Amino acid sequence: MENRQFETMLAAARARLARHTPQDIAEKSGARYADGALSLKTLGQDVTIRLPDCAMQPPLPQWHALTLLHYLDLADGAPPTGRTIPFSQYRDGLVRGGGLDRSAELVIRRDLGILPPEELARRCRALGTEILPSNADFCARFDFAPRCPVWLKVWFADEDFAASGRLLLDESAPHYLTIEDAVTVGSLILDSLTGAQRWAE
């Protein structure tokens, strides 16, 4: 059932993308267009999207791929502002965005904020992040797509305080993602950072 629903959503995303010219998509999304394909970097990975069938090389997990197609369709060229908002302040994001905010706080407190800082930095850098100075103990900027930054801020646990932190979006994110897409992006980042099997080595 879920696979049929995903295939329906994927077909709709391809159809919406086909209404744009490739050059317009590239200009508004920050992707590059050449030889019948768009190319961009997503969470540290270089991806090529062939048009019109939207086949991706290398293949991405299905929800990552679908959200990337939504980004390309919705992109209107608005520049990132550098001002951050929690997911709950997203347009129409009080319920879904608030849920992601609470999930992120739990994951940071339980899993990420107890890691040695160098281990968290290693995991973040594997996703192509930039580690930034901040008022937090740790701050990393993830680029889901060229104009779609997400920040992770962490205050590490110590003898007096539990770990805490937030996942934040650029204020311009609604120009590129629906709230459902934004929540998917946040979940992808958290899942990538905490995936037990991935970090077992």
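Ser-39 lies in strand 2, which covers residues 37-42, and in this predicted model the residue is buried, with a relative accessible area of 18%, a value that falls under the 20% limit for that class. Leaving aside neighbours within four places in sequence, Ser-39 is in contact with Ala-31, Arg-32, Val-47 and Thr-48. Ile-189, by contrast, stands 150 residues away from Ser-39 in sequence and 21 Å away in space, taken from C-alpha to C-alpha.

The loop between strand 1 (32-34) and strand 2 holds Asp-35, a residue that is exposed, with a relative accessible area of 81%. Its backbone deserves a look, for Asp-35 has a positive phi of about 55° although it is not a glycine.

Strand 3 spans residues 45-50 and includes Arg-50, which is partly exposed, with a relative accessible area of 44%. Apart from neighbours within four places in sequence, Arg-50 is in contact with Gly-36, Ala-37 and Ala-55. The C-alpha atom of Arg-50 is separated by 46 Å from that of Ala-162, a residue 112 places apart from Arg-50 along the chain.

Between strand 3 and strand 4 runs a loop that contains Pro-52 and also Cys-54. The peptide bond that leads from Leu-51 into Pro-52 is cis, with omega near 5°, while Cys-54 has a phi near 65°, a positive value in a residue other than glycine. Cys-54 counts as buried, at 6% relative accessibility, whereas Asp-35, which also has a positive phi, is exposed.

Strand 4 consists of residues 56-57, and Gln-57 belongs to it. Gln-57 is exposed, with a relative accessible area of 54%, and, once neighbours within four places in sequence are set aside, it is in contact with Asp-46, Val-47 and Thr-48. Between the C-alpha atoms of Gln-57 and Arg-123, which are 66 residues apart along the chain, the separation is 23 Å. The peptide bond from Gln-57 to Pro-58 is cis, with omega near -10°, and Pro-58 lies in the loop that connects strand 4 with helix 3.

Helix 3 comprises the 13 residues 62-74, and at 1.5 Å a residue it should span 18 Å, a figure that agrees with the 18 Å found between its end C-alpha atoms. Because 10 of these 13 residues are buried, helix 3 is largely enclosed by the rest of the structure. The buried set is made up of His-64, Ala-65, Leu-66, Thr-67, Leu-68, Leu-69, His-70, Tyr-71, Leu-72 and Asp-73. One of them, His-70, has a relative accessible area of 11%, and its contacts, leaving aside neighbours within four places in sequence, are Ala-13, Arg-16, Tyr-176 and Asp-181.

In soluble globular proteins, nonpolar side chains tend to be buried together. Here the largest nonpolar core has 59 residues, and those with the most contacts inside it are Leu-72, Phe-142 and Leu-152. Helix 6, residues 179-194, gives the most to this core, with eight residues. Phe-142 touches Leu-43, Cys-124, Leu-127, Thr-129, Cys-148, Pro-149, Val-150, Leu-152, Ile-189 and Leu-193, not counting residues up to four places away in sequence.

Helix 6 also packs against helix 4 (residues 94-112), at an angle of about 10° and with the two axes 10 Å apart. Angles under 35 degrees count as roughly parallel, and helix 4 and helix 6 are therefore roughly parallel to each other. On the side of helix 4 the contact is made by Arg-96, Gly-97, Leu-100, Ala-104, Val-107, Asp-111 and Leu-112, and on the side of helix 6 by Ile-179, Glu-180, Val-183, Gly-186, Ser-187, Leu-190, Leu-193 and Thr-194. By class, this contact has eight nonpolar, four polar and three charged residues. Leu-193 takes part in the contact between the two helices and is also touched by Phe-142.

Note on methods: Residues numbered from 1 in each chain as written. Predicted model: local features only at pLDDT ≥ 70, side-chain atom pairs only at ≥ 80, totals over all residues. Heavy atoms only, no water. Helix = DSSP H or I, 4+ residues; strand = E, 2+ residues; numbered from the N terminus. Expected span 1.5 Å × (residues − 1). Buried < 20%, exposed > 50% of the residue type's maximum accessible area, 1.4 Å probe, protein only. Core = buried A, V, L, I, M, F, W, Y, C linked by side-chain atoms within 4.5 Å. Contact = heavy atoms within 4.5 Å. Axes fitted to C-alpha atoms, helices over the stretch in contact; angles between N-to-C directions. Parallel < 35°, antiparallel > 145°, perpendicular 65-115°, else oblique. Nonpolar A, V, L, I, M, F, W, Y, C, P; charged D, E, K, R; others polar.
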